[in-house]
Amino acid sequence: MAHQRVHTGERPFTCSDCGKGFTCSSHLKVHQRVHTGERPFTCSDCGKRFTMSSDLLKHQSVHTRERPFTCSDCGKGFTRSSYLIVHQRIHTGEWPFSCSDCGKGFTWSSQLKVHQRLHTGERPFACSDCGKGFTLSSHLKEHQRVHTGERPFTCSDCGKGFASSSPLKVHQRLHTGERPFTCSVCGKRFTLSTDLLRHQSVHTREWPFTCSDCGKGFTSSSKLKVHQRVHTGERPFTCSDCEKGFTSSSKVKIRGYQDSR
């Protein structure tokens with residue numbers, strides 16, 4: 001009977017959290033772990049936990065290093081034949097799953113499904129603390145660390161913690177001196193792509209942020225905000241010694257240095 005629902009489209013088992021329907025109760029039970037965070041299957045080697053036994057079995061190949069399915073083009077090995085088939089699309093250029101809205105192609109149907117949320121605005125993973133929605137469960141998990149204060153990604157050089165791996169990677173450039181973003185005009189290098197974009201306005205003379213009072217242009221909204229205090233008279237940064245006010249924190253530091261001399 002459960003099989004016949006594949007043909008009829010009937011999905012009588014519905015998730016009370018997000019409304020998604022399933023053909024059988026066991027599929028619903030597994031799905032609900034997305035909301036509860038339950039991971040009942042544990043790797044005996046590293047302790048990592050999983051929502052499904054099949055995910056655990058795939059993970060365990062990391063420890064056994066067993067990769068019986070090998071790519072004839074590059075020699076890369078895979079734990080499953082389906083992974084090899086998808087990988088080979090890198091060499092063939094095949095993108096069998098296309099977005100009907102923008103035409104973008106994907107190697108996996110699951111990638112297409114996630115991408116389509118950009119067009120539909122669907123955010124099925126909602127934060128129970130603030131209600132903010134996300135397109136991916138992994139993004140929700142990262143966001144929830146804002147509420148819990150958890151910072152599992154730690155810098156090995158200074159011990160500073162981060163909620164996700166990407167800001168840790170950027171932070172580590174402070175220690176390594178890595179500047180991966182290079183200006184094609186003058187060769188100057190930057191740690192962040194946003195810093196490179198702001199710098200390039202020096203060459204292009206692009207000043208997208210304009211003061212409505214005097215028309216002066218700036219490369220970033222933060223610089224415009226500081227400048228506008230010239231017109232508003234706002235001085236939010238105060239010297240702790242003489243209580244004199246300044247338009248930016250850097251001017252407080254400069255004044256403090258000059259006074260100490």
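**Notes on a predicted model**

1. Let's start with Arg89, which counts as buried because its relative accessibility is 14% (buried is under 20% relative accessible area, exposed over 50%, partly exposed in between, with a 1.4 Å probe and protein chains only). Arg89 sits in helix α7, residues 89-92 (helices are DSSP runs of H or I with at least four residues, strands are runs of E with at least two, and both are numbered from the N terminus). Not counting residues up to four places away in sequence, Arg89 touches Glu94, Pro96, Phe97, Thr107 and Trp108 (contact means heavy atoms within 4.5 Å).

2. A word on the ground rules: this is a predicted model, in which local features need pLDDT of at least 70, side-chain atom pairs count only at pLDDT 80 or more, and totals for chains, interfaces and linings use all residues. Residues are numbered from 1 along each chain as its sequence is written, and side-chain values use heavy atoms, with hydrogens and water left out.

3. On confidence, the chain has a mean pLDDT of 83, with 92% of its residues at 70 or more (pLDDT is the predictor's confidence in each residue, from 0 to 100). Residues 255-261 have pLDDT below 50, and beyond near neighbours in sequence this stretch has two contacts in the model.

4. The largest pocket has a volume of about 1800 Å³. A pocket here is an open set of points on a 1 Å grid over the protein atoms alone, where a 1.4 Å probe fits, with protein on both sides within 12 Å along at least five of seven lines; lining residues have an atom within 4 Å of a point. Grid points are joined across faces, edges and corners, and the volume is the space filled by probe spheres set on the points. Of the 38 lining residues, Val34, Arg39, Thr51, Phe125 and Ser137 are the closest to the centre of the largest pocket. Elements that give two or more residues to this lining are α2 (25-31), α3 (33-36), β4 (49-50), α4 (53-59), α8 (109-120), β9 (125-126) and α9.

5. Thr135 is worth a look too: it lies in the loop between β10 (133-134) and α9 (137-148). Thr135 counts as buried because its relative accessibility is 15%. Leaving aside neighbours within four places in sequence, Thr135 is in contact with Arg117, Glu122, Arg123, Pro124 and Phe125.

6. Gly121 follows α8 with a positive phi, near 80 degrees.

7. Helix α12 (residues 193-204) can be read the same way. Leu196, His199 and Ser201 are the buried residues of α12, with β13 (181-182) and β14 (189-190) among what covers them. Arg205 follows α12, and its phi is positive, near 60 degrees.

8. Finally, two partly exposed sites. Lys141, in helix α9, counts as partly exposed because its relative accessibility is 45%. Gly215, in the loop between β15 (209-210) and β16 (217-218), counts as partly exposed at 47%.
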